[in-house]
Amino acid sequence: MTILIDLGQTPLPDPSGVDEDRPRAIDPALPRVDRIFYAGARAVGVLVLLIMGAIGVFLGVQSIPTFKRYGLSFFTQNQWLPERDILGISAVLLGTFTVAVVALAIAFPLALSVALYISEYAVPRIKGLLVSMIDLMAAIPSIVWGLWGFFLLQPRAINLAHWLNVNLGFLPFFHVDTDPNAPVWAQSRYAASAFIAGIAVSMMVLPMAAAVMRQVFSQAPLGEREAALALGSTKWGMIRTVVLPFGRGGIIGGTMLSMGRALGETIAVVLIISPSFDIKFRPLEVGTSTVSALIAGRFGEATSAQLSALLTAGFVLFIITLIVNTLAATIVSRSRSGAVTD
Amino acid sequence: MSVLLSPATGRVTDFSGGVLSAQGVSAWFGSNKVLERVSLDMPAKTVTALIGPSGCGKSTFLRVLNRMHELVPSARLNGEVLLDGEDIYATGHRITATRKRIGMVFQKPNPFPAMSIADNVVSGLKLAGVKNWRSDRDWIIETSLTRAGLWKEVKDRLKEPGSALSGGQQQRLCIARSLAVEPEVLLMDEPCSALDPTSTRRVEETISEIREQVTVVIVTHNMQQAARVSQQCAFFLAEQGTPGGIVEVGDTEQIFQSPVDQRTADYVNGRFG
């Protein structure tokens, strides 16, 4: 049966007295409590959008003087020398991506394995423990990760970085500009690098990626899982045939959400890296800079023109993160995850 | 005995269903006992129907028969299930090998939605690690779909996703998928409960056709269906607070026309359940 609702008008009684077959009016009014809740919920939803939009507009307006003054060279210049009126974000953008890429290269396989283990292999008791440990990991303040990276990780990671350079240095992204085989190798050339910052950031984004992946994996339909097992599949075969294809959207989306977070991570990066504005993609080598580290480092001493430039850099980062996160959300929601299989 | 011969490679497939026998099977979920000492012989070339009211343990019994029962974390069992005389629960018996020999069709059609119809049919061969089937791929797809009574309807759309089919076609696709790995026994857990009468009839025809090649055990709530497709019938019952068990087992005709036990008579005549 179909009920047509015409909110516009009430059908007039047929003057001839014969009932005409027309859509009748139905009272659309919601009960008062529903109306109040509806209005409240909508107001909060709109508020979130407004805040988000206001941040974007504020950053955009603040950026106008910088864009006017430096034009496109703001994107191509790599040095940040406000005292000589030379400003640009090409190096910091590259550094931002370098740190994010290192973080994802480490976090992605870890998060995938952790999520698979929790959703598919762990016995219930361990599963509960691991889930809360991962949640706890997400709650560790980033300054703590920064200190961990600086004091605990760095002295050890430089050995790995050195080993990578010695053995795989022929690959451009494992190369470090120093003599790897010097009798006393230059430890400082391997310290304070994008690699070490990336490891610290990877620990921060891991919980989010793992949580998203675990959630979609656990939604893989029982019917399909049992179908695979009943055909004589091993557990791993079942995971490859059912769980991973079903969770593909969550894998990609979770990774991109982590990317959004990794791009903006500030304080841990500031603690670890030593600022450098060279255009290079040598993550193992000392020195790099990211947009957020640049802002954090220069904000205190900035004049108003420099402040505008810093806010412009923030604006660019804001737009990039917005795009990455929107893409991620679209991929997650368009994947089969959560949809009923019939 | 029925034999199929692949024209491409001369590969011979010999279908002569396995003899399945449950000996004193008891099953628990946690501390809740749901089956008590059930013994049942399921001979080859026979469709055995398991009937009984809901909650009497017949689906659990079916899942014990190909070791799907133990997928539930708290599930335990006792007794033996013999396939051609060998206990499938014996130590050293590989669970994947057992499940390959004893296929299963579920209540709700569950084709792999991301795969094409053709890939669905051969998915079991990949999953079960069958060797050297690729050169026979087209032949396996055609034979399996023909045996499941679906070939004519899908032969021109083998590349479409399995989820594009109707419910009844999906269920027959699942049957074809099970048949492709050449099981000796096929377990069916209310395979028609989600289907309309026309699709149900097609699946029943399929069951009648494959019985020459595969031993079939089917759980059904539909008395007419049990009467139509099965040769042997086992009536399960779980009386108030006790685990389920078999009340009566015999030729389908006898169970429906002259049951020995009064409770069987009441059930098959629709007086309860």
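In which sense do strand β5 and strand β10 of chain B pair, and over how many bridges? They pair in the parallel sense, over 4 bridges. Strand β5 covers residues 47–51 of chain B, and β10 covers residues 215–219. Two strands pair if DSSP finds at least two bridges between them. Within this pair, B:Thr48 stands opposite B:Val217.

The model is predicted: local features need pLDDT of at least 70, side-chain atom pairs count only at pLDDT 80 or more, and totals for chains, interfaces and linings use all residues. Residues are numbered from 1 along each chain as its sequence is written, while chains are lettered from A and ligands numbered from 1 in the order in which they are written.

Now widen the view. The pair belongs to an open sheet of 6 strands in chain B, ordered β8-β9-β10-β5-β11-β12, with mixed pairing. Strands are DSSP runs (E, at least two residues), and helices likewise (H or I, at least four), numbered from the N terminus. β8 (102–105) and β12 (245–251) of chain B are the edges; each has a single partner strand, so one side of each lacks a neighbour in the sheet. From one strand to the next, the twist averages 20°.

Helix α1 (residues 58–65) of chain B lies across β5, β8, β9, β10 and β11 of chain B. It runs at about 150° to β10(B). Axes are lines fitted to C-alpha atoms, for helices over the stretch in contact, and angles run from 0 to 180 degrees between N-to-C directions.

Next, the interface. 17 residues of chain A are in contact with 23 residues of chain B (C-beta atoms, placed from the backbone, within 7 Å). On the chain A side, α7 (222–230) and α8 (235–264) are the elements giving two or more residues. α7(A) gives the most, with 7 residues.

How values were computed. Contact = placed C-beta atoms within 7 Å.
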